[in-house]
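Here are a few friendly notes to read alongside the model. Please keep the structure open as you go through them.

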Amino acid sequence: MMSRSVWNWLALPMVLAFAAIFIPAIASFVLTSFHPSTGLGEVGPEWTLDNYVRVFNDETFMLGLARSVQLGIFTVLGTLILGAPLAYFIARQPSRFAIGVFTLLYVSSLTSIVIRGLGWITLLGNNGPINQALMGLGLIEAPIGLQGNMLGLTIAMVHYMLPFMVLTLLPVVQSIPTSLEEASAGLGGGFVRTARSVVIPLAMPGIVAGALLVFAMTISAFVIPRMVGGSTLRLTSLLIDQQMLTTYNYALGATLATILLALVVGVVVLSNLATRSRVRVG
Amino acid sequence: MKLVSGLLTLWAGLIAAFLLAPLAIVLINSVGVEQYVIFPPSGFSFRWYGEIPDYYVDGAILSIALAFVAISVASLLAIPAGLAIARGSLPGRSLIDALLRSPIQIPLLISGVAFLQFFTLVRGWTGVGLADGFLGLVIAHTIVVSPYLLVAVVARLARYPDALDEAAYGMGASRLRVLFTITLPVIAPAIASGLFFAFLMSFDNVPTTVFLIQSGQTTLPLALFFDTELDLSRVQYAVGTIVTLISTAVILLAMRRFDLLPSARAGQRAAA
């Protein structure tokens, strides 16, 4: 028998790379958030909480955080409403059509995010096809604003996040035995009743995991919020970019980044706890 | 249940249209005839494909080169690390595993902030500037994509038949020989799948890259990203269409090759 410990050395290069680069990189911005800004891209040596005090008392920053959370909640709801029936459909009726939709979901999720953003800018524009169609149907008189507001941004974010929701839900739905639904139907339960009292409770771990994943990814998303939301919706991720690359206030940028990271890590930890406790109960 | 089934099919069809919409409009607008972008275009023309400026081509070359170098370095780090995590007896194994996977959980934007600040500090200490050049990009992209490879290797080794290697040891093969002639070839498809995802993650990365390119040549997605902020033009749609067509072909090929479709397996699982 081979001793297992010889394999251990193979981890060394990656562990060293992470210890020398990744951990210091994360530490460097977290630590920067506790130092005062002393000029363009510079911070002083003193330790301070001023950056946090400033962020939590600044209307722009708090509004940005609130909007990021709001967008996260809207996007979770949107992807659940669209994605849950779709995951059920793909799991239960794996026809050629269902596989085709699944393939499309996969291809869409791996297509360049900038190109999807370009598509949404065009679709949501004042002269874009959505406004044209609504005006053509006589539903609206003038173009409704879809660019630079929450409605348009939510639509584009739901498009971006839908694959993540469905790919999280799909294996959970597949693991629910069809016999349970048949039993429910045999006892006289209609589709809605069966969904409400059998499928949804059993799929709850997947729903929670998918919701937390989509929420964490949405609040920290950058490309779609900047392209579709534009400068009018000043979400946290855009404020970080602005502080780092426009005003060169590294201290404030680092503070916002630390707050955002804490939120994301909190959601991830919550997600791990939720999945683990579910597994133990189930 | 007929009604429910019909409604679900309709729902899936509507979602398919929703998924296709932004890609379809990019394609349609790329072949419009007028200089000014209006929808629908009044005529058909391929001329914008011939007017793609050189910096997009240079951007594509930079993106591909960066992704190739990043996944190559990532392979050298993550494949051995995956073997160590799956087969070794590392002290604090779950902690090391969590650390090496952690870049997946950290938003790309935050990684960008982290590397920019770190590279700024490094310049202060050593005078070596990494925040604006190929080397800095390679370092950042390698760290960001290496967990995807690690996860693929560890997951594959978890269901690896150890008897395969033991048979070879029994016949007197050396450890290295078994590794290179049996273990690695057997897990090669999983490595290829990990490399594929890692490549796409690097190629399409805007949120990290945006912090590490301040002057000179940008990557392809970044060039498109900045140009669309100034003004929309037919050329951008043409670039978008070319990239989408190539990536779709590659993704479809990879889905087939790496068995990523739910078809047969889903049926079995649902029946079980």
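**Notes on the two chains**

1. Helix α3 (residues 54-87) of chain B packs against helix α8 (residues 175-203) of chain B at an angle of about 135°, and their axes are 9 Å apart. Axes here are lines fitted to C-alpha atoms over the stretch in contact, with angles running from 0 to 180 degrees between N-to-C directions. That angle makes α3(B) oblique to α8(B) (under 35 degrees is roughly parallel, over 145 roughly antiparallel, 65 to 115 roughly perpendicular, the rest oblique).

2. A word on the source: this is a predicted model, where local features need pLDDT of at least 70 and side-chain atom pairs pLDDT 80 or more, while totals for chains, interfaces and linings use all residues. Residues are numbered from 1 along each chain as written, and chains are lettered from A and ligands numbered from 1 in the order written.

3. Which residues of α3(B) meet α8(B)? Among them are S63(B), L66(B), A70(B) and I79(B), and their partners in α8(B) include I191(B), L195(B) and F203(B).

4. Between the chains, the contact takes 81 residues from chain B and 80 residues from chain A (contact means C-beta atoms, placed from the backbone, within 7 Å). Helix α1 (residues 2-30) of chain B gives the largest share of chain B's side, 17 residues. By class, that side has 60 nonpolar, 17 polar and four charged residues.

5. In chain A, S175(A) sits in the loop between α7 (150-174) and α8 (178-186). S175(A) and T194(A) are 19 residues apart in sequence and 16 Å apart in space, C-alpha to C-alpha.

Definitions and conventions
Two residues are in contact if their C-beta atoms, placed from the backbone, lie within 7 Å. Helices (H or I, at least four residues) and strands (E, at least two) are DSSP runs, numbered from the N terminus. Ala, Val, Leu, Ile, Met, Phe, Trp, Tyr, Cys and Pro count as nonpolar, Asp, Glu, Lys and Arg as charged, and the others, Gly among them, as polar.
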